[in-house]
Every structure is written in C-alpha cells, then in structure tokens.
Amino acid sequence: GVAGQIKEAAVAAAAAGGGGMNSGDANGGVVVNIGGLGGGNGVGGGYEGNVPFPPGATAGCFSRYSGRLYVKYQPQIRHDGSIIGAEALLRWDHEQFGQIIPPVLVTIAEESGYIHLLGKFVFASAFAVLRELQLLGLEDFIMSVNITPGQLDNPNLATETAEIARAYGVSPTSIEIEITEQAALGGGPRLKVLDSLHKQGFRLSMDDFGMGHSSLIYLKEFNLNTIKLDGSLSREVESNPTCCEIITSIVQLAKSVELDVIAEFVETEPQKEILWSLGCDHYQGYLYSPALSFNEFVGYCRANGYIKS
C-alpha cells in the first residue's frame, strides 16, 4: 500500500545517509545546516551553524531523497491580543505522495529507527527560528516543540536537546516541550527523561488534555507548565454544554496549581468568547492564523505590532 511505499522510501533514504539538509528555503531565510559529527557546533549570525548527528545518517536524508521536510509555526495568542509564542509543526512534502500528515511521518520515523534524528532536525529548525525572532524583539516568546513516545525512550534526550539549544543561543526556559498522554504512558524511564528535561530548564506541556483516562494523574507526576485542551472539547463549546462543564473544571484545576491553559482549534470569535467565559484566555487556531513559514510568521508579527518594523 501507499503507507508501505512511503516507509520504504524513508528507510532507504535514512540508510543512505550522506549530506546534510539546508532548510533555509523552508524556514524562509533562517539557515539550518545539519551535518556529521565533524561539522562542529559553531553558530554564526545568531542562527547559522551545524548541529551534530551520528556519522553516516542525517535528518536531511528524509528530504534529500523523498521530498521536502520543513517546519512551520502557528501563533499562540492571549485574549488581549498579545502573543505568547508558537508551536513548531513538522511538514513533509513527498515527491510522489504529496503532503504526508504528521502522524504518518512520525510512525515512519519511529518504525524505521530514525525518530531521534528527525527530532533533532525539528529542534534545530525551531531553535534557529526562536533565536532569530528574539533578535527581532520577541524577547518573552515561547517556542513549543512536540516530542514523540520514541524520543522519550532516549535517556540522553535532555542533555542532547540542551546542547542544541546552546548551539543556537537560546535558553531552555524559552522552549516548551509538548508531550501527549500516550508519550507519558511508558512509566518510570520516560518519567526520568521528563524530569531531566525539567531540570535542564525546559518548560513542559501536556497536549490533548482532558480526554485521557489518567490525565489528572499527570498534574501530580509531571512538572507541567501548560496544558492544552483536547481539540474535541474546544471545537464543541458552541454546541455541547458538557464540553463547557469539562473545560470549566479543567481550567479551575489548572489555575489552582498555576498552570497555563491553551485551547487549540479556535476558529471563530463566538467560540473564543465562550472559552474566555469559561476561564480560558490562551488560544491557537485559524481564528488567528494557520501555521506559517518563518518569513510569513515575521510578516504576521509585524502586521499585528508584535515586531516593530
């Protein structure tokens, strides 16, 4: 089937290894050169440099042989209109199959054993853009980056991610690592990795909060900074009173333990105002903007006064 062909293409590309990926076009001018271990960590101009990868394989192989791999950025906005940050969202335009949806891409990477390389590519791309946005004046900006269950199985994830942050000149306190309940279900070893990320200074966020069987337990187990409402809740606030009751309970609980709450999939003003009335004042969705390239994101920030021209 198509999925099998996509997997074969990705595995073959990853096995081939070879040269790094220059994602400058995809990032809209922010250059991320990903090479082998011999490339070093030097960062020039605040955002240009090499992030180390194991010899013989690079994240760029996904792009080099099978299409274009890149990251887009979707704004996160407060009710008063000020900007909180953005979520980094991975995209893959396959030469034969078109745009591959992220869950399929992640499955391919995990099954083929290259999720850690792909994760480093996303971190490098997002951190390079974060640094450039900071240089443009967005000093309190938070960059949110998703990680997968497979990445949490790497006991060195925290130190490796901190090294990439240092290479691009950004602080872990400006970076939020976003996990799902599925990613957290691995028990003790994954909890240790999450604790290490917290100790390195990274912020932690739980995505799709509210629908898992044990979501509330994670408020006790993890050092979370943010919870993101499950999309099935925020989408139905205009038509489903039960969703409103659940959101009210979640928001009250979150505020009692000093957590931020972000509603995703916010697409209309009435939806936003209902969420506001329920106590949720941080939003992400098409009401504000789709995911954007770096240049588009800078244009969006200038148009809304977040970056002064």
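**Close-up 1. Tyr-70 in strand β4.** Tyr-70 sits in strand β4, which covers residues 67-78. Helices (H or I, at least four residues) and strands (E, at least two) are DSSP runs, numbered from the N terminus. With a relative accessibility of 5%, Tyr-70 counts as buried. Here buried means under 20% relative accessible area, exposed over 50%, and partly exposed in between (1.4 Å probe, protein chains only). Follow the chain 23 residues from Tyr-70 and you reach Asp-93; their C-alpha atoms are separated by 8.4 Å. A word on what you are looking at: this is a predicted model, in which local features need pLDDT of at least 70 and side-chain atom pairs count only at pLDDT 80 or more, while totals for chains, interfaces and linings use all residues. Residues are numbered from 1 along each chain as its sequence is written, and side-chain values use heavy atoms, with hydrogens and water left out.

**Close-up 2. The whole chain.** Step back for a moment to take in the protein chain, with its 13 helices and twelve strands. Of its 309 residues, 52% are buried. Among contacts (heavy atoms within 4.5 Å) with a separation of 6 or more, 66% join residues 24 or more positions apart.

**Close-up 3. Helix α4.** Helix α4 runs through residues 115-135, 21 residues in all. From first C-alpha to last it reaches 30 Å, close to the 30 Å expected at 1.5 Å a residue; the expected span is 1.5 Å times one less than the number of residues. Is this helix mostly covered or mostly open? It is mostly covered, with 18 of its 21 residues buried. Just after α4 comes Gly-137, which takes a positive phi of about 115 degrees.

**Close-up 4. The largest nonpolar core.** A nonpolar core is a set of buried Ala, Val, Leu, Ile, Met, Phe, Trp, Tyr and Cys residues joined through side-chain atoms within 4.5 Å. The largest one here has 81 residues, and Phe-127 and Leu-197 have the most contacts inside it. Which element gives the largest share of this core? It is α4, with twelve residues. Look around Leu-197 and, leaving aside neighbours within four places in sequence, you will find it in contact with Ile-147, Leu-157, Ala-158, Ile-177, Phe-202 and Leu-204.

Close-up 5. Rolling a probe the size of a water molecule over the atoms shows where empty space is left. On a 1 Å grid over the protein atoms alone, a cavity is a set of points where a 1.4 Å probe fits but cannot get out, and a pocket is an open set with protein on both sides within 12 Å along at least five of seven lines; lining residues have an atom within 4 Å of a point. Grid points are joined across faces, edges and corners, and a volume is the space filled by probe spheres set on the points. The largest pocket holds about 970 Å³ of space. It has 34 lining residues, and those closest to its centre are Glu-87, Leu-89, Pro-102, Asn-146 and Asp-207. Elements giving two or more residues to this lining include β5 (83-94), α3 (102-112), α4 and β9 (203-209). By class, the lining has 16 nonpolar, ten polar and eight charged residues. In this count Ala, Val, Leu, Ile, Met, Phe, Trp, Tyr, Cys and Pro are nonpolar, Asp, Glu, Lys and Arg are charged, and the others, Gly among them, are polar.

Close-up 6. How many cavities of 30 Å³ or more does a search of the whole structure find? The search finds one, and the volume of the largest cavity is about 60 Å³. Both α4 and α6 (157-167) give two or more residues to its lining. Among the lining residues are His-116, Lys-120, Phe-123, Leu-157 and Ile-164. The lining divides into three nonpolar, five polar and two charged residues.

**Close-up 7. Phe-222 in its loop.** Phe-222 lies in the loop between α9 (215-221) and β10 (226-229). At 7% relative accessibility, Phe-222 is buried. Not counting residues up to four places away in sequence, it touches Ile-179, Ala-184, Leu-191, Leu-194 and Met-206. Phe-222 and Leu-194 are 28 residues apart in sequence, with 7.5 Å from C-alpha to C-alpha.

**Close-up 8. Two positive phi values.** Glu-258, in the loop between α11 (241-256) and β11 (260-263), has a phi near 60 degrees, a positive value in a residue other than glycine. Glu-258 is exposed, with a relative accessible area of 73%. Phe-265, in the loop between β11 and α12 (269-277), has a positive phi of about 60 degrees although it is not a glycine. Phe-265 is partly exposed at 34% relative accessibility.
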